[in-house]
Amino acid sequence: MSAAPRRKLPIGIQTFADMREGGYYYVDKTPLIHRLVEEGKYYFLSRPRRFGKSLLLDTLHCLFAGRASLFEGLYIHDRWDWQARHPVVRLSFGSGVLQDRAELDVRIRHQLARNREALGLPAAADTDITGAFSDLIAAAHRQHGQRVVVLIDEYDKPILDNLRDPERARELREGLKNLYSVLKDADPHLRFVLLTGVSKFSKVSLFSGLNNLRDITLSREYAAICGYTDADIDSVFAPELSGLDREQIRQWYNGYRWGDASVPSVYNPFDVLLLFQERRFGPYWFESATPAFLVELLRERGIFTPALTAWHSRPALLSRFDVDDIGTDALLFQTGYLTLKDIHEAVPHRPLYQLGLPNQEVEISLNEALLPVLGVDHGVFDLVAMRLPELLRHADLAGLEAHMKSLYAGLPHDWYRNNPIARYEGHYASVFYSHFAALGVPVTVEDASHHGKVDMTVTFGGHIYLFEFKVVEQLPEGRALEQIKARGYADKYRATGQPIHLVGVEFSREQRQIVAFQVETLDAG
C-alpha cells in the first residue's frame with residue numbers, strides 16, 4: 001500500500017482552485033484537456049449526473065484565464081501559453097427548476113449580466129436575449145483583445161426537468177435554442193466552446209445550424225475525460241484503499257464505458273469518494289442522481305428487465321433524444337443506467353452497440369426501484385426476499401419453489417389490468433430476474449427475448465442454478481427442464497466443481513402463477 005499522505009476527499013467540490021489550493025486529491029485530466037483545446041474549437045460532451053462535468057468546465061475556465069499557479073505540477077503547465085489570457089463566458093442551468101419560458105429568460109438575462117460585470121464590460125443595451133448574448137461575446141473580444149471562450153454547463157436541464165410535461169418542455173427547448181443559435185454567427189469572436197449535459201438532443205431541434213459542434217461523447221480518445229480509471233484509483237487514491245476489498249470496489253462502481261471494449265472503463269467519482277468517506281458500499285450515485293421521471297416512464301413502456309443486461313442499439317437510435325421522441329435505450333444510456341459494453345460491425349461501417357448495466361450498484365438499485373413497476377410491493381419484497389440467500393446457500397429447492405410462488409401470489413390482481421408489462425410473457429421473467437438482482441445475488445442473463453423466454457444463471461453460496469422459463473396456457477408441459485438438458489446449458493459450468501441445479505419453471509398465463517417447478521441436480525465434479 002502507498003506511503004503517500006492522505007488528503008481531503010473532494011466530495012461536491014466543483015471549483016478547480018479549491019481543489020488545487022485546499023489539499024484535496026486531484027486526478028490530472030490536463031493531458032486530455034490539452035488535446036481537446038489543441039484539436040478543435042466547438043465541442044459537446046454528454047455524461048450522466050455527478051461525473052465531474054462542472055469541474056471540467058471550471059478547469060478550462062482557469063486555464064484560459066491564465067491562472068498558471070493552479071496548474072503547477074500538472075501535465076499542461078509547461079505546454080501552455082500563459083501570456084494569452086482569454087475572456088471566459090460561463091453559463092449554467094444546473095440550479096433550480098425552471099417552470100416556463102419567462103423564468104428561463106430571466107435566468108439567462110441574469111447570467112449574461114453577471115458575465116458582463118465579471119469581464120468589466122458596461123451594462124448591456126436594452127435588446128432581446130439573442131442580441132444580448134451576441135453583444136456580450138463581441139464586446140468581450142473587443143475589450144480584452146483575445147477571442148472568447150464559452151462554457152455552458154447543464155445545457156439541457158430545463159428541458160429534462162419538464163419531460164413529463166411535453167408542451168412546457170418544448171417551450172423551454174425553444175428558449176434554449178434561441179440562446180445557442182448565437183454561437184454560429186459569433187465564430188469570428190470565439191476561441192473555444194464546450195457545452196455539457198446529461199442528454200444529447202438532436203442538432204436540428206436545439207442547436208439551430210451549429211453543424212460544426214463536435215460531439216465527443218463516444219470519442220475513444222476522450223473516454224476518460226470525466227470519471228476515474230482503475231489506474232487513478234490505484235495511484236492517486238492509494239492511501240484510501242486500506243481495509244477495502246479492491247475487487248469489490250471494481251464490481252460495485254467501475255464499468256462505465258464510452259467506446260468499444262478496448263476503451264478503459266471508468267468509475268463515477270461521486271460513488272468512489274463517498275465510499276472512501278463512509279468506508280462501506282452503498283448506492284450513493286443512484287440515490288442522489290435518479291430523475292423521478294425515469295421509473296415512471298419505464299413503467300408506462302413496460303420495461304422487460306432482463307433485457308437491461310444485454311441490450312443492443314444502433315447509433316441512430318442511441319443518439320435520438322427529443323421531447324417528442326425519447327427512445328428507451330437512449331434514455332437509459334444517456335442518464336447512466338446503461339453503458340456501452342462493446343461495439344460490433346458485422347457489416348462494415350454499420351456499428352451495433354452492445355449495452356448493459358455498468359456495475360452492481362446500478363443493477364441492484366435500478367431493479368429494486370422497478371419492483372413496484374412489476375407489481376412487487378417493497379413491503380412484500382422485504383418479507384419474502386429475506387429468505388432467498390439462505391435458500392440458495394443451502395440449495396433448499398423446495399423452499400425456493402415456495403418462495404417464488406409466494407412472490408407471484410403477492411401481485412395485486414388489479415395490477416394486471418393497469419400495467420402494460422403484464423400484457424406480454426416477459427413479465428414473469430422480469431419479476432424473477434429483478435427480485436434476484438435487487439438483492440445483489442449474482443445473476444447472468446444468458447438469453448433475453450420479448451417473446452417470454454429467458455435463461456438465467458445464478459451463482460451463490462457455492463452453488464450454480466440454471467433457470468429456464470416457459471409460459472403455458474394452464475397445464476404444465478415439462479418443456480423448460482427438458483430444454484436445459486437438451487441444449488447442454490450446464491456443460492460450461494461442470495469444470496467449476498460446484499453443484500449445478502437445473503430448474504425448469506413454467507408459468508400459467510391464465511392462473512398467473514408457477515404451475516411447474518422441476519429440478520435436477522448434477523453433483524459437483
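**A chat about strands, rings and cysteines**

Trainee: Which residue in β10 is the bridge partner of L340?

Mentor: L355 is the bridge partner of L340. Keep in mind that this is a predicted model.

Trainee: OK. How many bridges join β9 to β10?

Mentor: Six of them. β10 covers residues 350-356, and the two strands run antiparallel.

Trainee: What order do the strands take in that open sheet?

Mentor: The order is β6-β10-β9. Three strands make up this sheet, and the pairing is antiparallel.

Trainee: Which strands stand at the edges?

Mentor: β6, residues 311-313, and β9, residues 339-347. Each has a single partner strand, so one side of each has no neighbour in the sheet.

Trainee: By how much are neighbouring strands turned against each other?

Mentor: By 30° on average, with direction ignored.

Trainee: Switching to cysteines. How many disulfides does the count give?

Mentor: Zero disulfides. Take C62: the nearest cysteine sulfur belongs to C226, and that is 16 Å away. Seen from C226, the nearest cysteine sulfur is that of C62, again 16 Å away.

Trainee: Is C62 buried or exposed?

Mentor: C62 is buried, with a relative accessible area of 4%. C226 is buried too, at 2%. Both count as buried because the cut-off is under 20%.

Trainee: New topic, then. Where is D58 found?

Mentor: In helix α3, which spans residues 53-64. D58 is buried, at 12% relative accessibility.

Trainee: What is D58 in contact with, leaving aside neighbours within four places in sequence?

Mentor: Q14, T15, F16, A17 and R90. One of those, F16, also turns up in a cluster of rings.

Trainee: Which residues do ring pairs link into that cluster?

Mentor: F16, Y26, Y43, F64, F71, W80, W82 and F192.

Trainee: And how many aromatic pairs does the count come to?

Mentor: The count is 31 aromatic pairs.

Trainee: What about charges over rings? Which ring does the charged end of R50 sit over?

Mentor: The ring of F270. The charged end of R50 is 4.3 Å from the centre of that ring. There is also R79, which lies over the face of Y75.

Trainee: How many Å is R79 from the ring centre of Y75?

Mentor: R79 is 3.7 Å from that ring centre.

Note on methods
Residues are numbered from 1 along each chain as its sequence is written. This is a predicted model: local features need pLDDT of at least 70, side-chain atom pairs count only at pLDDT 80 or more; totals for chains, interfaces and linings use all residues. Side-chain values use heavy atoms; hydrogens and water are left out. Rings of Phe, Tyr and Trp (its six-membered ring) pair if their centres lie within 6.5 Å; planes under 30 degrees apart count as stacked, over 60 as edge-to-face and the rest as tilted. A charge sits over a ring if NZ of Lys or CZ of Arg is within 6 Å of the ring centre and within 35 degrees of the ring normal. A disulfide is a pair of cysteine sulfur atoms within 2.5 Å. Buried means under 20% relative accessible area, exposed over 50%, partly exposed in between (1.4 Å probe, protein chains only). Two strands pair if DSSP finds at least two bridges between them. Helices (H or I, at least four residues) and strands (E, at least two) are DSSP runs, numbered from the N terminus. Axes are lines fitted to C-alpha atoms, for helices over the stretch in contact, and angles run from 0 to 180 degrees between N-to-C directions. Contact means heavy atoms within 4.5 Å.
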